[in-house]
Amino acid sequence: MKKSLALLAAACLVFAQDTVDQSVNARIRQEAMEHSQVMHTVHMLTDRYGPRLTGSPNYEAAANWVVKQLTEWGFQNAHLEPWDFGHPGWMNEHAYGLMTAPVRDNLTFEVLAWTPSTKGVVRGNAVQVALPQSPTQDEMTAFLAENEAKVKGKIVLMGKATVVPVNFSPAAMRRDDKQIKEQFDPNNPNAGRGGFGPGRGATQAEPGKLTAAQVNTQVDAWLVANKALLRINDAAREHGQIRAFNNRTFDLAKAPPTVVLRNEDYGRIDRLLADGETVGLQFDIFNQAFPKGTTAYNVVGELPGSDKAGEVVMLGGHLDSWHSATGATDNAIGSSMMLEAARVIHALGLKPRRTIRVALWAGEEEGLLGSAAYVKQHFGTFENPKPEFAGLDCYFNIDSGTGRVRGASVFGPPEAAAILRAALAPFEDLGVAGAAPSTSRATGGTDSTNFNHSGLAGIGMQQDPIEYQSATWHTNLDTYERIVPEDAKKAVTAIAAAVWHVANRNEMLPRFSKEKMPPLPPPAAAPAVTTTTPTVAGR
Ligand SMILES: [Zn+2]
């Protein structure tokens, strides 16, 4: 009883000092909704500089543009922070492909990143290789030996075409209000569930069997050794969607030229081959590696604080993208929203007590690498902190597409979520339902989890899905056209107000005490492969 009274008193204290400034909120809302620059920013990051694959010249140009833009807006200390990516940059300069027999037609495909060029224009007949399912090493070795002659000098389709059935239940665009209120209800024992789940792609093989990634690596080596002209993967998605990821070795010598062909073209070739037809194909692909890209760059800029300038509120998202579109929803819009939220605060002439720092990351798509390097360099961990660890209030992250913000999850005790909930409450009319605490230090999904992992208050903004998982996420359709400007402006409003609020409180967000800090997950439970890094191209 005594304990619960003390808790109640503590909760009252938290709320007592958390009167949100309604007049500032009104000004933030007006600037964000009526004088928004978010669509100009996303236009530059996508149309002018996209795609922004980590280590590519495009990425570096985009990062430099952000530095220039922040400086023009009046931010301080805008700069690039280098970190070691460890792989060369890569870019596709041009690519075309066509079917030349039994009928001529263009093919629609994307090139797999970090694969080599074809040797000029290559022409060959299509062959299909159906790999054994979950083979042991002995079965795999025997299969590769038996089929060597089949792939020599050929254009090789990997497996039968996936049959993608017509979808009669369209994906949700908005999340249900009732469901979202439950998710962020502090009295709901299941509050906080949702958002990023466990990482996909961390496929476990049965004992004695090869993983999909191991099979893939051996197939690539085999195709290179037997001088196959080209490898073709099935995109296996509806409506011409293509997800092209990367050669996981990042070494151009270890993979054949590889494309991910839209399912419609892959299926057509598959059916013609099944008729016994000879299918002639022709490709010309020119890719370049950039050794200089082994150094990658995060982008940072600041609005200096006043009496608490040594304490920092961060906000950001990843600036890098995959390469088959301009990376609008993943994550030019997230980067643009965070830049815009900070711009709105500065444009109103507001002077925060704490320093507000915007940070955009590289290398997210290859495993949350840029933010991990930053957290390691600046903060260390709760168990092994660097001096800056004490002064980081929290980090707001956004990375789920164009949808409006519906809530936030914060790594920390319930009191931390209560503070954010109060800061977001005035924006219920924009669809924001609240905030929920999280205790997970597992990494995966997006950059805020690197802050959680270190024991710092990572804040993940939760959004409406719109067309994200169903159409744009990592696909060739991820372009400027898919952005919903009104949703982006609403998200900016709520984020700017929340950032402003925490940057001016008397105290930083409460953290877990030493006794309550969740332990680091065992290494096995923290997959090296994240939700945004696939094991096999074209999945
Ligand atoms: Zn992303």
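Q: Which strands form the open sheet, and in what order?
A: Eight strands, in the order β3-β2-β9-β5-β6-β7-β8-β4, with mixed pairing. Strands are DSSP runs of E, at least two residues, numbered from the N terminus. Two strands pair if DSSP finds at least two bridges between them.

Q: What stands at the edges?
A: β3 (105-106) and β4 (109-111). Each has a single partner strand, so one side of each lacks a neighbour in the sheet.

Q: And what's the sense of the β5 and β6 pairing, parallel or antiparallel?
A: Parallel, over four bridges, between β5 (residues 121-129) and β6 (residues 155-158). Val-127 has Val-156 in β6 as its bridge partner.

Q: What kind of model is this?
A: A predicted one: local features need pLDDT of at least 70, side-chain atom pairs count only at pLDDT 80 or more, and totals for chains, interfaces and linings use all residues. Residues are numbered from 1 along each chain as its sequence is written.

Q: OK, domains. What does the assignment give?
A: Domain 1 (28-88 + 293-381 + 394-504) and domain 2 (91-164 + 200-291). The bounds come from an automatic or database domain assignment. Taken over C-alpha atoms, the domain centres are 36 Å apart.

Q: How many residues are in contact between them?
A: 17 residues of domain 1 with 13 residues of domain 2. Contact means C-beta atoms, placed from the backbone, within 7 Å.

Q: Switching to β11: why is it largely enclosed?
A: Because eight of the eleven residues of β11 (residues 308-318) are buried. Buried means 20 or more other C-beta atoms within 10 Å of the residue's own, with C-beta atoms placed from the backbone.

Q: Which strands do bridges join it to?
A: β12 (residues 354-361) is joined to β11 by eight bridges, in parallel. Gly-317 stands opposite Leu-360 there. β13 (residues 392-397) is also parallel to β11, with five bridges. Val-312 stands opposite Leu-392 in that strand.

Q: Now the largest nonpolar core. How many residues?
A: It has 132 residues. Such a core is a set of buried Ala, Val, Leu, Ile, Met, Phe, Trp, Tyr and Cys residues joined through C-beta atoms within 7 Å. Leu-420, Ile-495, Ala-496 and Val-499 have the most contacts inside this core.

Q: Which helix gives the most to it?
A: α15 (residues 485-504), with twelve residues. Helices are DSSP runs of H or I, at least four residues.

Q: What does Leu-420 touch?
A: Ala-408, Val-410, Ala-435, Ile-459 and Ala-498, leaving out residues up to four places away in sequence.

Methods:
Buried ≥ 20, exposed ≤ 12 C-beta atoms within 10 Å, placed from the backbone. Contact = placed C-beta atoms within 7 Å.
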